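Dear colleague,

My notes on it follow directly after.

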Amino acid sequence: ESVKFWLWSEISSIYFSTMDILLACGSFNPITNQHMRLFELARDHMHRTGQYQVVSGIMSPVSDNYGKQGLVLAKHRTAMAKLALQSSNWVTVDEWESQQPDWTETAVTMRYHHEQILKRYEQSKPTFTSSDKNIASLSGENRTITDVPPQLKLLCGADFLDTFKIPGMWRDDHVEEVVGRFGLICVSRGALQPERAVHESDALTRHSGSIHLVREWVRNETSATEVRRALRRGMSVKYLIPDSVIEYIHQHNLYTEDSERRNADAVLRPLAKQARPEF
């Protein structure tokens with residue numbers, strides 16, 4: 001009986017779980033070990049629920065026109081992210097958002113990737129294989145699947161939830177789309193309290209069932225801001241970011257005092273774009 005139960009559990013986890021693809025949007029300026037840890041923590045959490053199987057992860061760097069201070073060119077940020085993720089067999093870097101001429105709303109980016117997922121799904125039915133890393137199988141073997149395509153969810157850190165409280169940062173319909181239609185996986189760290197952010201937002205509370213909160217119990221306060229500060233001061237960042245990324249940064253002389261002044265007087269593109277009247 002115990003063997004039968006184990007077999008049923010294994011089959012159920014494969015055939016009756018919702019397949020998820022995780023999408024992380026951000027500056028990745030530069031990519032850090034913590035950025036990559038978000039994917040691993042989120043996947044572990046979703047698998048432990050017994051209701052989801054994460055089959056792929058996508059990292060989507062923001063375009064050059066985001067307007068954030070110290071943002072280096074997208075070609076460098078995507079190159080560093082690709083170097084960092086060479087060791088991953090399930091997370092990849094997508095350049096579409098970074099190549100757009102203007103900053104792209106998160107909802108628009110999610111729509112794009114959702115369409116791509118559906119196209120690949122239709123082309124690959126009735127099986128997923130490991131030949132397509134963007135939609136990888138769970139174990140590298142062909143598996144027959146149901147007629148339900150993978151679901152796309154936005155992966156973020158706890159500080160991302162605070163952006164929903166910034167006036168003018170989000171359009172109401174985009175909040176509904178990102179959180180209500182797709183869903184959110186938020187990994188918290190340190191003293192940040194994502195539960196409070198959800199509680200203080202009517203929109204987030206309304207879709208709280210679509211928000212998965214993940215706690216990072218192994219403290220890691222690494223931030224790209226602190227990494228950039230250390231780099232421009234000539235300090236070591238070894239073990240905070242991958243060695244391949246450190247080498248790339250030195251080769252291209254990135255993150256200097258001059259580069260940190262870039263966009264110093266600019267308004268973040270989301271605020272500027274949302275402030276424009278619509279006709």
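The paragraphs below set out what was found, by topic.

Please bear in mind throughout that this is a predicted model.

**Cysteines**

A search of the whole structure returned 0 disulfides. The cysteine sulfur closest to that of Cys156 belongs to Cys186, and the separation is 4.3 Å. A disulfide requires the two sulfur atoms to be within 2.5 Å, so the distance of 4.3 Å is too far for a bond.

**Aromatic rings**

The whole structure holds 5 aromatic pairs. One of them joins Phe160 and Phe164 in an edge-to-face arrangement, with 5.6 Å between the ring centres and 85° between the planes. Phe160 also pairs with Trp170; here the centres are 5.8 Å apart and the planes stand at 85°, so this pair too is edge-to-face. What does the second pair link? It connects distant parts of the chain, 10 residues apart: Phe160 belongs to helix 5 (residues 158-161), whereas Trp170 lies in the loop between helix 5 and helix 6 (172-182). Taken together, the ring pairs make a cluster of Phe160, Phe164 and Trp170.

**Charges over rings**

Two residues place a charge over an aromatic ring. The charged end of Arg215 is positioned over the ring of Trp217, at 5.6 Å from the ring centre. Lys238 lies over the face of Tyr239, and the distance to the ring centre is 5.2 Å.

**Backbone features**

The loop between strand 1 (18-26) and helix 2 contains Pro30. The peptide bond leading from Asn29 into Pro30 is cis, its omega being near 0°. Phe28 is found in the loop between strand 1 and helix 2 as well. Phe28 has a phi near 50°, which is a positive value in a residue other than glycine. The side chain is not left open to solvent, as Phe28 is buried with a relative accessible area of 7%.

A second residue with positive phi is Tyr255, at about 60°, although Tyr255 is not a glycine. Its place is the loop between helix 10 (243-251) and helix 11 (257-260). Tyr255 is buried, with 2% relative accessible area.

**Gln34**

Where does Gln34 lie? Gln34 is part of helix 2, which covers residues 33-48. Its relative accessible area is 4%, and Gln34 is therefore buried. Apart from neighbours within four places in sequence, Gln34 is in contact with Arg189, Glu216, Asn220 and Thr222.

With kind regards

Methods
Residues are numbered from 1 along each chain as its sequence is written. This is a predicted model: local features need pLDDT of at least 70, side-chain atom pairs count only at pLDDT 80 or more; totals for chains, interfaces and linings use all residues. Side-chain values use heavy atoms; hydrogens and water are left out. Helices (H or I, at least four residues) and strands (E, at least two) are DSSP runs, numbered from the N terminus. Buried means under 20% relative accessible area, exposed over 50%, partly exposed in between (1.4 Å probe, protein chains only). Contact means heavy atoms within 4.5 Å. Rings of Phe, Tyr and Trp (its six-membered ring) pair if their centres lie within 6.5 Å; planes under 30 degrees apart count as stacked, over 60 as edge-to-face and the rest as tilted. A charge sits over a ring if NZ of Lys or CZ of Arg is within 6 Å of the ring centre and within 35 degrees of the ring normal.
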